[in-house]
Amino acid sequence: MPNDDQPVEQSAVPERRSRVSGMDRALQVLDHLYTTGAPVGPYAIAKAVGAPLSTIYTIIDDMVDKNMLTRDGDGAIWLGPRLYHYGLAYSRSLDFIGIATQEMHDLCREAGETVQVCGRDDDHMLVLAMAEGPSHFQVASRVGTRVPLNWTASGRLLVGHLTEKDRLELFRHCARSSPTGRAEIDAQTLSNAAAQAFENRLSIQAGESDYAVACIASPICDRDGACVATISIVLPEQKAFSEGNPYTAYVQASAERIEKRMGWRSH
């Protein structure tokens, strides 16, 4: 049994004691949940952040009481509804999110397929917003989903503007095998593909992260020419490669409209 008065994470070298504020501990809990992407128990959180278990219990209880965290029947902890409301308020304050979301819904109606706006979160692609198409085709990735950059069309575009050296360094440490086994993991191949996709303003992947699922993405670039986000159509693999399909033109035009409305087309 762990000693509640000592940090769960042990070290052979005694650590210099330093005071950590309650706010810092709360942020450590939130950061850990965000990184893991799934509910976890207090002991696992304490071990991960190197904090006393008793401290983590106190922090968690307080955050649960304030609806910043939730606790399930097994005692696992997850993000609470109060954070969702904060996130909505923050997103409303960002012009880009508002413009991109409007364009996303317009594209969804035009294409008749699911559309996503995605951004980069370190070594991962993050789904920022999503509009579901009218078909019964189910898309596994939802808002908040994080997947390795090398699994997706958007992931390549999000790093396509980087120098070759930076792309290679990034893919060497972040490329991972996907559940389907079809995702490219060679850093040089990924770097070349990212640069080419960015130059073409178009990236297409099929079956790399999910079986029979394809994604057609175009970059949204700021005034300096850096890809800050992507807009993509997610659809059945056979549709993506059907002769004469309009999806490529749709998604590229949509990305350009977002850039124009943001005043970024000068790049």
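A residue is called buried here when its relative accessible area is under 20%, exposed when over 50%, and partly exposed in between (1.4 Å probe, protein chains only). By that definition, 44% of the 267 residues of the protein count as buried. The model is a predicted one, in which local features need pLDDT of at least 70, side-chain atom pairs count only at pLDDT 80 or more, and totals for chains, interfaces and linings use all residues. Residues are numbered from 1 along each chain as its sequence is written, and side-chain values use heavy atoms, with hydrogens and water left out.

**Overall layout**

The protein has 10 helices and 8 strands; these are DSSP runs (helices H or I, at least four residues; strands E, at least two), numbered from the N terminus. Its C-alpha atoms fill a box of roughly 65 × 40 × 35 Å, taken along the principal axes. Contact means heavy atoms within 4.5 Å. Among contacts between residues at least 6 apart in sequence, 59% join residues at least 24 apart.

**The sheet**

Six strands form an open sheet in the order S5-S4-S3-S8-S7-S6, with antiparallel pairing. Two strands are taken to pair if DSSP finds at least two bridges between them. At the edges lie strand S5 (146-148) and strand S6 (203-206), each pairing on one side only. From one strand to the next, the twist averages 30°; axes for such angles are lines fitted to C-alpha atoms, for helices over the stretch in contact, and angles run from 0 to 180 degrees between N-to-C directions.

| Strands | Bridges | Facing residues |
|---|---|---|
| S3 and S4 | 7 bridges | Gly119 and Leu126 |
| S3 and S8 | 5 bridges | Val115 and Ile233 |
| S7 and S8 | 9 bridges | Ser218 and Ile231 |

Strand S8 is largely enclosed by the rest of the structure, because 9 of its 10 residues are buried. The hairpin of S7 and S8 has 5 residues between the strands, and Gly225 in this hairpin takes a positive phi near 90°.

**Helix H10**

Helix H10 covers residues 247-262, and its 16 residues reach 23 Å from the first C-alpha to the last, close to the 22 Å expected at 1.5 Å a residue. The expected span is 1.5 Å times one less than the number of residues. Buried in H10 are Tyr247, Val251, Ser254, Ala255, Ile258, Glu259 and Met262. Seen down the axis of H10, these residues fall within an arc of 135°, so they line one face of the helix. The arc is that of the directions from the helix axis to the C-beta atoms. The cover over the buried residues of H10 includes helix H5 (95-111), strand S7 (213-221), strand S8 (227-236) and helix H9 (237-240). After H10 comes Gly263, with a positive phi near 75°.

**Ser191 and the cysteines**

Ser191 sits in helix H8 (residues 187-200) and is buried, with a relative accessible area of 0%. Leaving aside residues up to four places away in sequence, Ser191 touches Glu164, Arg167, Leu168 and Phe171.

A disulfide is a pair of cysteine sulfur atoms within 2.5 Å, and a search of the whole structure finds 0 disulfides. For Cys118, which is in no disulfide, the nearest cysteine sulfur is that of Cys215, 6.7 Å away. Cys118 counts as buried at 1% relative accessibility. Cys174 is also in no disulfide, and the nearest cysteine sulfur, that of Cys227, lies 15 Å away. Cys174 counts as buried at 3% relative accessibility.
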